[in-house]
Amino acid sequence: MNSSYLSSIQDTQLPSTAVRFVDTAVSSFQRIPGSSIVIRYIKSSHQNDPVRTAVELFLFIFAVRYLLAQSYSTNRNKTIPLTEDEIDDLVEDWTPEPLASEETEFERQSNERLPVIVGPSGPKTKLSNGKTVTNLASYNHYNFATNPELTQKAINTVRTYGVGPCSPPGFYGTQDVHMKSEADIAAHLGVPACIIYAQSFSTISSVIPAFSKRGDIIVADKAVNYPIRKGLQISRSTVRWYEHNDMEDLERVLQKVVKEGRGKSLTRRFIVTEGLFENVGDMADLPKLVEFKTKYKFRIILDETWSYGVLGPSGKGLTEHQNVDAMNIDFIIGGLAGALSSGGGFCAASQEIVEHQRLSAAAYTYSAALPALLATTASETVTMLQEQPQIIESLRENIKGMRAQLDPRSDWVRCQSCVEAPVVLLVLKDEHVQARNLSIEEQESLLQDCVEEALANGVLITRLKAMPPALGATPRDLIKEWKPKPALKVCVTTGLNKREIEKAGIVIRHAITTVMKSKKWQRQALVA
């Protein structure tokens, strides 16, 4: 083949140098293993179909060029370059969306008249206008806030540890007083372990997303408080709601969840509820919840923010009050900022659940630890509840005294909270709401007038504030969303004796009567 190929080239009258170059190139190519096969393929292809040879040559050159070409990004910048003047004009024309809804006229007026406390928040409180009033608007149920022994121990703790750790618990923020508080609360509840958070609000809203993720299922009571709702939102779990404290509806939802999950991959499933409901004042049926937990294979997350330190002979909460073993509850979340007059919150559970939160709960990992003085106060108040059960009994007597002056004797309001709740929630009776055709906004305004009338007569109370609407909720969703009834909040304390409690109850009852019979709301009744 080589001789015939060279003879054909020589017959073309090429220069001798070109002939020698071609001869050298062909000889070099033939030394490559398999070159003879390629040459035979090209020769037969050219003889039989020259067009095919041209196409294959083009594809070969394209492949070589593609492999040797420089890489480039497919994400080309399609933005139009702007001048500085154009950027300034766009910035001036841009209006950001508000972070919060605009303040209503009712909210503005209420905030302007908001009383300001000067000094400690005790049972008798001095306001910025110089007036001293009976304070029934704080959660200082045992008057721990002005206890001289607790105050002195807090002062000693500040002198020893300083005002704050200035660091997250996992990064040199944990002190021995924190470990002692966790051990004291765990021992009080009778569970293996406990973890303390720096903020009460962020405790439950961090615990839920630390264990429940996207694809997991949460069955929650419709009346749960705002921190729980934020935790449900952050977790991005599938949330199924059941009617407030309706165990039949809860079982129906649980059965539906179990039925839908058959044949699918296993997911984590939780029942979320409160021990003592902040927005209603009643208690959950814990024995029934434990029964459903075992029957349908769910875990229970129980928020005892408003029941820990209040319910039960020694203040252990709903588990003690309803005689349920705390070990049957997977998560017990409580607050230390209310009845215990400290700060922060806790989650009591098994050792594995607690240790998981130290790296997975956002509020614990990324927030500064609880100040040492508050951790010490929490330990001391927990000890006092166990060693002095008479203060719990004294609180219950004052609750009875307050309710006796309000619910049965008032023609206008009724108490919807349970008899053990130290926060007495007073709602307008249904017949008056219907007779005067009062909307939710009008009820809020009427109750605010009651708050101001009671304050004018020396008793400081407050209202149950409505929960903010759900993020991204449409007007149609808001109609279906569960809302608490407008209510007055009367926070009972042991800092007042029986006579003072009864006197304050009479003032509140008369204030409500005065407002309901005022010309402003009598006109409303005539219009209706």
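The structure is a predicted model, in which local features need pLDDT of at least 70 and side-chain atom pairs count only at pLDDT 80 or more, while totals for chains, interfaces and linings use all residues. Residues are numbered from 1 along each chain as its sequence is written, and side-chain values use heavy atoms, with hydrogens and water left out.

I begin with the strand. Helices (H or I, at least four residues) and strands (E, at least two) are DSSP runs, numbered from the N terminus. In strand E9 (residues 331-335), five of the five residues are buried, so the strand is largely enclosed by the rest of the structure; buried means under 20% relative accessible area, with a 1.4 Å probe and protein chains only. In a regular strand, side chains alternate between the two faces of the sheet. Here Phe331, Ile333 and Gly335 lie on one side of E9, Ile332 and Gly334 on the other, and all are buried.

I turn now to the helices. The axes of H7 (residues 148-161) and H17 (residues 372-387) come within 8 Å and cross at roughly 145°. Axes are lines fitted to C-alpha atoms, for helices over the stretch in contact, and angles run from 0 to 180 degrees between N-to-C directions. The contact (heavy atoms within 4.5 Å) includes Leu150 and Tyr161 of H7 and Leu373 and Met384 of H17.

Note on methods. Buried means under 20% relative accessible area, exposed over 50%, partly exposed in between (1.4 Å probe, protein chains only).
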